[in-house]
Every structure is written in C-alpha cells, then in structure tokens.
Amino acid sequence: MTTRTTAIEVAGLRKSYGDHEVVAGVDLTVPEGTVYALLGPNGAGKTTTVRILSTLLPADAGEARVAGHDVRREADRVRASIGVTGQFSAVDELLTGRENLRLMADLGHLDRCRAETVGERLLERFDLVDAADRRAATYSGGMKRRLDLAMTLVAGPRLIFLDEPTTGLDPRSRRDLWGIVRELVADGVTVFLTTQYLEEADQLADRIGVLDGGRLVAEGTAAELKRLVPGGHIEFQVADSERVAELARRLPEASPNPRALTVTLPHDGSLTTLRRLLDGIDDDAVTGLAVRTPDLDDVFLALTGQPTTDESPEEVAV
Amino acid sequence: MSTAAYAVRDSATMLRRNLKHLARYPSQTLMLIGLPLLFLLLFVYVFGGTMGAGLPGAPAGDRGDYLTFITPGILMMTVASVSIGTAVSVATDMTNGIIDRFRTMAIAKVSVLTGHVLGAMIQTALALAVVFGVAFLLGLETAASAMQWLGLVGLLALLSFAMTWFTVGLGLASPNPETASNWPMIFILLPFVGSGFVPVESMPAGLRGFAEHQPFTPIMDAFRGLLAGSPDGSDAIWAAGWCVVIGLVGYLWSRRLYRLRAAN
C-alpha cells in the first residue's frame, strides 16, 4: 500500500467551449485532510473545474489526479473515493429524506445493516430527523442543502467537492453548513469547495485559489491574500457633478464617478485617516458617506484590475 | 462482486426508485391508463354501432364485433400512452441535478436507464391488464388457445420493451420534460392511420399505402390474429421484426445520447 499525501493534483488543466476558454491552464495541489477554496465570480470557471475533477466532464488538456487516480483513465476509481455536492440540488424530490439516504447507501453498495445505521446517524447529524419521512419536495432550501450534503457523505468519501455550497442560503443556514464542513475536516476529510464569498473562503479554507477568466490569478492562505488587498473603500455621495470634480482634485487617490455623483477612495480602515480626511472636506459638498471593508470586489480589483462581473471576460488561449 | 452483479444490483436499486416514483405520483399512471380506456369506451359506445355495421363480411357486424376489431388498436395505444410517462420521467431525471450525482458515483452506468425501462415495463403490464379487464367486461370474446395467449403476452412484452427503449431515447433527446411529453402523442395517433380502428382497405389509395406498411399495422394485425385464434405467420414475423428494429434503434440511440451527455 502506498501512502497518499496529495488528494488532488492538477497540472495545465484546460477546457474550452468553442472559442471560449473556460479553464485556461490551472495548476493546483491539495494536500490530504485540508480545505481548498476556489474563489471567483460567476463564469470564472469554478464549476467547470469541479466538474472535470469529479469525472463529470473530460478536460481538453492537462493532467488531473484525484485521490491518487487519473480522472480520465481511472474515472471509476476516482468516483469510488469522492463525494460531490453540486451547485444545484441533487436530491430526489419524490422520495423522503430517509429514502434518499437509503438510495445512496444502496448505490454505494453498503450492506443493509450498515445502510440503516449510517442513514440514522446522518439524519441526526444534519438535523433532519423530524423531516425524515417527509418528501424532499416539501423541504426548505437549507434542508435540501443539508440532505444533499448528507447524501454525499453516505458512502463515507475521504474527499468531497462542494460547488457553491451556500449560494442562496440564508445567513443561519450558511453558518450551519460551515459548522458541518468544519466537522468533516476534523474527521480528516479533504474538502474542495468553490465560493463567490471571500468570507466563506476565509472561514473554512486552508488555502484559497482566486480564479478569474479560467486562470488562477492568486493562491495562498487567507492571510496571504488579504495582504494583497489594499484595505477597503470610502465612498462619498456628492451633491452635484461640479463638486465631484472639485473633491477629486483635492484627493489625488480618489476615483470620481460624475454620473453616480460619487467619489471613491482607498481606505485602510483606521479612524485617524478617516478623521484627517473628513477635516479637509466642506460639510455641504458631501451628502452621504459609506465605509466599506475589503470584499471579493477589492480582491479582484487588486488582482485583476477589474471588478467582478457576471460574465467572464473573453479569454485568449496562451 | 463482479461487474455484472453490480449492474444487476444497481438496476434493481434504480427500479425500486422508479417504482416509488410511480407510487408517489399515482395520478400520472391513472391518466396514462385512462387515455386508452377513454378511447375504448368512446369507440365502442359512441361509434361502435355504426362502425360495427361497416366492418367487411356478411352478416353485418355490431357493437360487439367492433369491440373485437379495435382491441388490438387499444392495446397498441396503451403501450404508447405509458411511454409518454417514460419519456417525461427520463427527461425530468436528466434535467435534474440528481443525474450528475449518479454520474459521480461508482455505479453501473446503464442502471439509470435500465431502472426506467424495467419500471416502465411493469407500468405497461399493469396498464394492459386493466385495459384487458375492461375490454372483457364490455364483452370482448376471444378464441385464443393457451399457446396463442402466451404468444400474445410475449409479443406485448416485446412491443413494450421496444417502445420503452425508444421513448427513453426521446426523453434523453428532449431539452425538458414538457417537450418530452409531446413526442409520444404521435404513437397514440399512429394506430388510427393503420389497421387499428378501420380496415385499411377502406382508406383512399395514398393513405392506404402508408397504413398498410407502417410498423404498427402488422403488430396490430398479429394481435388480432392471436385474439381470434387464427394467427397469421407473416404478420407475426413482421410484428416481431418491427419490434426488434424499434427496440434496437431505441437502445442504440439512448446509449449514444446518454454517453454524449457525459462528454459535455
């Protein structure tokens, strides 16, 4: 038996749809027992990457080894080692929660006795005991997500993929799900997740890869990435466009937006600089003020020079 | 366990899933069985008197003769009707996230489809039993021997197997369940443009050519022969041949579409 220390190993991964290169040469390594978060806006190639690594989609080029096996040539061996929770609910809505778990146990070839124990344990752990005999169609979004994840865990995979696990969840359900992921990690499970939220990556991941236009534009721990972000922003709402221009003249690092009547400038979050800044501004010029802490937009601004957009930018093959 | 044993086990699991779906959603099964029953009652009680009198041969036929004449067409329609449900449930599965879950599991790939096929066959058997039951209640008479009954059941099984694979393909080819539900309508109408409800000899030349040679006609003629206790060898061979062709095309098409989906 060989000892594996690497759960995921990816080199030069590429995938195009027609002229559009969705994944444009991704390299990454995820050690066993760690959490890796792929952070990026819609269309960055996060889901495509997960689909390739979870054997759903063949890559055009590159090597990908998951749980020690090649995703293309040894797809069934990879499948036997992983659990996948996709972006969209993958529960059978006509079956009850308990039956959904049973279905997974049967397909995971667990024996009857083990299937029942695992099913009951997961229902308890995911707080679904009361709803166990109701059809999944009647579940709330958060409950469906929990059932979805519970189904992924039935066969006891040592590596799980979570594609935007908390998108569309309310803050409480999101926190519950984070708790579950932390428990999994405590059990030694490797987690590969994608997210649009810096906070989520910050909360959960050991390493974060920032994906933009199919490329990893930065990789590191949360702390390392935050050092790349130039703090937050201060946004002034200004009375009219003349004053926008005037304010922009007075504050050299500011970027004016005459149409929205705002002036935005970088800010490190300290009270001293804020006070000094406000001292130099006429009271009647500014109608409103917002202080923003760093978010994904700032990371993106810093790393790509572009704000996050819903559409991925056109990529040119290298 | 061997690969084959896993394929059987996974197919059985998927079949259980599909049977649960049928049980949870009985209105669909009732609708699908109701459609051919409605046609049966309509044609026997509304049109039966007139149509029976128009059947060839002397003396002139009656409502009872017409019931005997259209039973093969109604059987055909029953198989087609259930296949609407199959196409819809396959399309629903494919547009749902659950198919991706199945595809990331180490299970026999074919089991997703075989589960649907086996489930649909059971549903068809149930529907045919109900339709036969009602036809006998209405006074259907048959001169079929035990062997001929066996032949009839065998041919019905072959037909539903073939039609099911074909509609699995339709379900896979449809972008959504709504589109999938449209296609099999054609199969419900085909018995009319064949030997299902009137003798093809009574049709105008062009239409008659089509009606005589479309696949459903020899199948319905074979049913008619078996029910009457006087099977025609040539009809039976054509019927079985068409079933094999429809089934094979359906199977190969489904397999291709299912694999193609995996590549995108």
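Visitor: Which residues of α2(B) are buried?

Guide: This is a predicted model, in which local features need pLDDT of at least 70, side-chain atom pairs count only at pLDDT 80 or more, and totals for chains, interfaces and linings use all residues. Residues are numbered from 1 along each chain as its sequence is written, with chains lettered from A and ligands numbered from 1 in the order in which they are written. Helices are DSSP runs (H or I, at least four residues) numbered from the N terminus, and a buried residue has 20 or more other C-beta atoms, placed from the backbone, within 10 Å of its own. The buried residues of α2(B) are Leu32(B), Ile33(B), Pro36(B), Leu37(B), Phe39(B), Leu40(B), Phe43(B), Val44(B), Gly48(B), Met51(B) and Gly52(B).

Visitor: Against which helices do the buried residues of α2(B) pack?

Guide: Packing is judged by contact (C-beta atoms, placed from the backbone, within 7 Å). The partners of these buried residues belong to chain B: α3 (63-95) and α5 (111-137).

Visitor: Where does α2(B) bend?

Guide: The bend is the angle between axes fitted to the seven residues ending at a position and the seven starting there. For α2(B) this angle is about 75 degrees, at Phe47(B).

Visitor: How many residues of chain A are in contact with chain B?

Guide: From chain B, 17 residues take part in the contact. The largest share of that side, 6 residues, comes from α1(B). On the chain A side, the number in contact is 21 residues.

Note on methods. Helices (H or I, at least four residues) and strands (E, at least two) are DSSP runs, numbered from the N terminus. A residue is buried if 20 or more other C-beta atoms lie within 10 Å of its own, exposed if 12 or fewer, and partly exposed in between; C-beta atoms are placed from the backbone. Two residues are in contact if their C-beta atoms, placed from the backbone, lie within 7 Å.
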